[in-house]
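Dear colleague,

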Amino acid sequence: MAKIRVETTINGEETEFLCNGQESLLEVLRDGLGMTGTKEGCTTGDCGACSVVVDGRLVPSCLVLAAETGGRTVDTIEGVADGQTLTPVQQQFLEHGALQCGICTPGFIVAAEKLLEKNPNPTEAEARYFLAGNLCRCTGYDKIIKAVLDAAAVMREGRA
Amino acid sequence: MSAATDDSNRKFKQIGSRPIRHDGLDKVTGRARFGADFTLPGALQGVFVRSPYAHAKILKIDTSKAEKVPGVKAVITAEDLPELPMSWVSQGPAGVDSGANQRVILAREKALYHGHAFAAVAAATREIAVEAGRLIEVEWEVLPPVLSVDQALAEDAPILHEGQKTEGAGPPVEGDTNITNQIVFEGGDLDAGFADADLVVEGEFETPMVHQGYIEPHACLVNAREDGTSEIWCATQGPFGVKTETATLTGTDPQTIKVTPSEIGGGFGGKIPVYLEPAALALSRKAGRPVKMTMTREEVFRGTGPTSGSKMKLKLGAKSDGTLVAADLRLDFEAGCFRGSPVGAACMTTLSPYVIPNFRILGRDIVVNKPRVAAYRAPGAPIGSFAAESLLDELARKLGRDPIDLRLQNAIEEGGRAKYGPKFGPIGFKETLEAAKAHPQYKTALEGNQGRGVAAGFWFNAGMQSSATVSVNPDGSAVVRTGNPDIGGSRASMALMCAEELGIDVARVRPMVGDTDSVGHCDPTGGSRVTYATGMAVIDATRQVIDHLRARAATMLDVELDSIEWQDGNAVAVNGASDKGSIPIEDIARKMGATGGPIVASASVSPPAAGPGFGVHVCDLEVDPETGVSRVLRYLVVQDAGKAIHPTFVEGQYQGGAAQGIGWALNEEYLWDEEGKVENAGFLDYRVPVASDLPMIDTVIVEVPNPLHPYGVRGVGETPIVPPLGAVANAMRDATGVRFHRLPMSPPRVLDALEGAE
Ligand code: FES
Ligand code: FES
């Protein structure tokens with residue numbers, strides 16, 4: 001089957017890849033481009049482990065066709081930190097011990113960054129509902145939610 | 001030096017602090033490598049081909065068409081593994097039967113559940129492998145499936161395994177049977193006990209099969225080399241188990257296999273058994289190429305270890321003052337397709353938190369046409385506890401007693417006997433009950449349609465074998481090596497214990513998890529044993545390192561070894577030699593080369609026992625009577641940790657276990673159709689709790705030191721999933737007036753029950 005050539009921008013870098021028409025963005029990221037930070041938990045859009053941002057929208061990369069990302073921007077967990085500096089979300093995940101096994105962590109961080117970009121001062125309930133598409137089986141979410149709310153506070157102070 | 005020194009009065013400097021975990025950075029940046037993140041040049045993709053029937057004889061398998069598909073490099077069936085006979089006999093608590101284990105990997109005589117793998121294909125791409133799998137032709141003789149305890153026990157029940165007899169104690173069973181094992185514990189005089197009771201409560205309870213639900217599907221990469229050796233990279237709780245089990249099931253010398261554990265994306269017991277590795281090794285050998293296998297989520301649900309569904313019957317007798325006098329318990333557990341349900345552990349744990357002089361416990365392990373169960377966090381205990389804690393709640397209601405007071409009155413204490421025989425050592429059960437009672441949540445007023453439930457529970461915790469190696473770097477920092485995959489922050493705990501002993505900052509201790517060639521044997525990360533047992537090995541190895549450091553310092557200062565004490569990272573001259581001063585670890589380390597060479601020490605432990613962990617949970621819940629939807633408003637976990645090494649991760653275990661238990665109580669269950677097909681093999685329909693389902697989960701860490709560990713540590717991972725089923729059910733009873741005997745208490749069931757109650 002002829003491969004499709006796709007030009008896209010991933011984490012700010014112009015990137016070119018070949019894929020077939022059925023391949024998901026998740027498959028191309030992980031298998032084609034070796035960007036294994038984006039995780040696979042289900043491939044059916046139900047776990048959020050594969051969360052990425054395409055043209056500013058939070059999406060499960062397992063449900064996005066890679067071929068459709070041509071000309072768009074894709075942001076993944078590998079692009080979240082600013083060089084050697086962690087974001088407040090990443091830092092608060094560490095401080096709070098908001099991860100046990102850590103498989104859900106990249107998806108949560110990508111989603112939480114998006115939440116705080118849209119809503120710098122979420123309530124606990126808003127954070128819980130926004131992150132309801134991300135499954136974590138280890139933590140019971142308590143420390144994740146606290147990390148996100150504290151990251152929001154740190155970011156608000158930073159801006160003030 | 002023995003690690004079991006009495007440190008009960010020790011003032012810790014770092015134990016109990018909350019440093020950032022050493023592996024955290026890689027996990028928040030996406031760099032950490034999990035099971036599916038490994039590959040090798042030329043790696044093929046392997047997939048299983050699975051049975052469309054829940055129960056069917058395999059008369060013939062023809063793989064020839066599949067083998068001819070371009071891109072296919074190897075196809076295997078059970079014929080490609082050396083046949084291991086069924087032993088039928090349990091060789092340990094987990095019921096190890098290599099014949100059965102091999103038939104779980106690849107069905108041989110029969111497919112025993114829908115989705116049972118019977119062949120595997122390795123090809124250039126996953127798509128090709130899947131496509132080729134469809135071309136494998138099988139002659140099946142389809143048999144009626146056995147899908148419940150009742151069906152398995154029926155007079156005319158189809159028998160899963162010819163030759164399966166009932167082992168163990170209890171009422172004799174004639175001929176071939178689906179009851180593989182019976183367990184009995186008895187004490188006192190049951191009839192006299194019930195005759196003596198002023199009040200009797202009884203009920204039958206049912207719980208569904210549920211899955212551990214780890215977010216990372218099973219994955220491995222296997223490279224069989226030309227010289228017969230092989231390498232395995234995989235997500236596992238026990239790399240040494242993967243090595244021996246893969247060897248046994250493929251007829252390979254275990255010493256030729258090296259297993260490198262990846263980071264592991266959850267396990268909860270379900271990543272102790274092997275599924276992929278033996279097949280991937282056989283495929284890799286046949287193809288002469290590395291083979292990678294990753295399961296889909298659907299395969300995880302259909303083909304990997306859930307925990308047992310159950311039917312239970314319990315009768316409790318008490319005096320009018322609340323004293324328990326008699327208990328009669330029957331537990332029937334689904335084992336899945338081969339023996340090995342956790343019914344034995346349930347028999348041991350269910351009634352043991354309470355003093356009950358007269359009791360009889362019968363547990364039965366029953367095979368059904370469902371996936372073979374695997375360990376799931378405190379295996380068996382939550383199931384039995386659901387029955388016991390529900391009836392204790394009934395008793396408290398009938399007697400007009402506070403449920404915590406009733407439990408306090410009957411709580412087992414140090415010196416009390418567990419129902420399976422041994423006496424408990426120091427335990428913190430009463431302390432946890434008292435802490436729960438004193439917690440503000442317990443006094444919070446409830447409103448309409450709200451209820452509060454209390455439940456308690458315990459888990460033995462495991463000891464088993466562990467080893468650790470500690471080495472000193474030339475700058476005075478240290479490395480700790482163990483063989484236990486870090487599933488929830490254990491690297492940080494290992495580093496803390498090493499740092500505490502050495503007297504250096506925990507950030508200067510680098511903890512690592514080695515492959516099976518680089519570290520000594522460690523039994524799996526499971527049984528709440530790592531911080532306890534592997535931690536003991538770390539402490540022991542570190543103390544040996546300190547002995548080396550003292551000896552080097554003695555040489556450097558030219559004093560007797562006896563005159564050197566280790567204090568906060570310094571070798572200090574004492575005993576009349578104090579004029580010689582002290583040397584910091586950095587200076588000793590810098591001169592290691594000149595004073596005797598590198599400093600490194602290893603230690604091993606094999607503690608036969610551990611310190612049991614008791615927990616008490618309080619659930620506040622609200623029910624919408626219009627929809628049956630319930631919502632947990634507040635949730636409290638109180639548990640004895642012995643000594644919390646890293647409190648953040650102790651709390652994390654408490655919260656995570658509670659959340660899994662809440663899911664089990666309210667929503668989770670496998671749904672089967674009449675043919676034995678799982679109808680909800682995905683996260684959309686098998687609904688685990690999401691962030692918006694839960695409140696913050698409050699925790700109280702009680703510390704009653706475990707005398708078996710130098711710092712007093714008890715395992716904490718498993719106990720937190722024991723009480724939630726009862727706590728949620730008791731809250732539901734309080735909110736609705738209805739006693740639920742069957743889980744999950746999902747909205748439709750709650751609605752039905754509320755309508756029935758009207
Ligand atoms: S892998 Fe995409 S949502 Fe689960
Ligand atoms: S930390 Fe394991 S799934 Fe979230």
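**Contact between the chains**

The contact draws on 45 residues from chain A and 51 residues from chain B; please keep in mind that the model is predicted. Between chain A and chain B an area of about 3,800 Å² is buried, and carbon and sulfur atoms account for 60% of that area. Within chain A, the residues that lose the most area to chain B are Leu94(A), Gln100(A) and Arg137(A), which together make up 22% of what that side buries.

Four salt bridges are found across the interface of chain A and chain B, and one of the residues taking part in a salt bridge is Arg137(A), whose partner is Glu668(B), with 2.7 Å between the closest N and O atoms. There are also 22 residue pairs in polar contact across this interface, counting pairs with both residues at pLDDT 80 or more. Of the helices of chain A, H1, H2, H3, H4 and H5 each supply at least two residues to the side that touches chain B, and H2(A) gives the most, with six residues.

**The sheet in chain A**

Chain A also holds an open sheet of five strands in the order S2-S1-S5-S3-S4, with mixed pairing. Strands S2 (13–19) and S4 (57–60) of chain A stand at the edges with a single partner strand each, so one side of each has no neighbour in the sheet. Strand S3 (residues 51–54) of chain A pairs with S4(A) in the antiparallel sense over four bridges, and Ser51(A) has Pro60(A) in S4(A) as its bridge partner.

With best regards

Technical notes. Residues numbered from 1 in each chain as written. Chains lettered and ligands numbered in written order. Predicted model: local features only at pLDDT ≥ 70, side-chain atom pairs only at ≥ 80, totals over all residues. Heavy atoms only, no water. Pairing = 2+ DSSP bridges. Contact = heavy atoms within 4.5 Å. Buried area = accessible area lost by both parts, 1.4 Å probe. Salt bridge = Lys/Arg side-chain N within 4 Å of Asp/Glu carboxyl O. Polar contact = N/O pair within 3.5 Å; in protein donor to acceptor, adjacent residues only side chain to side chain.
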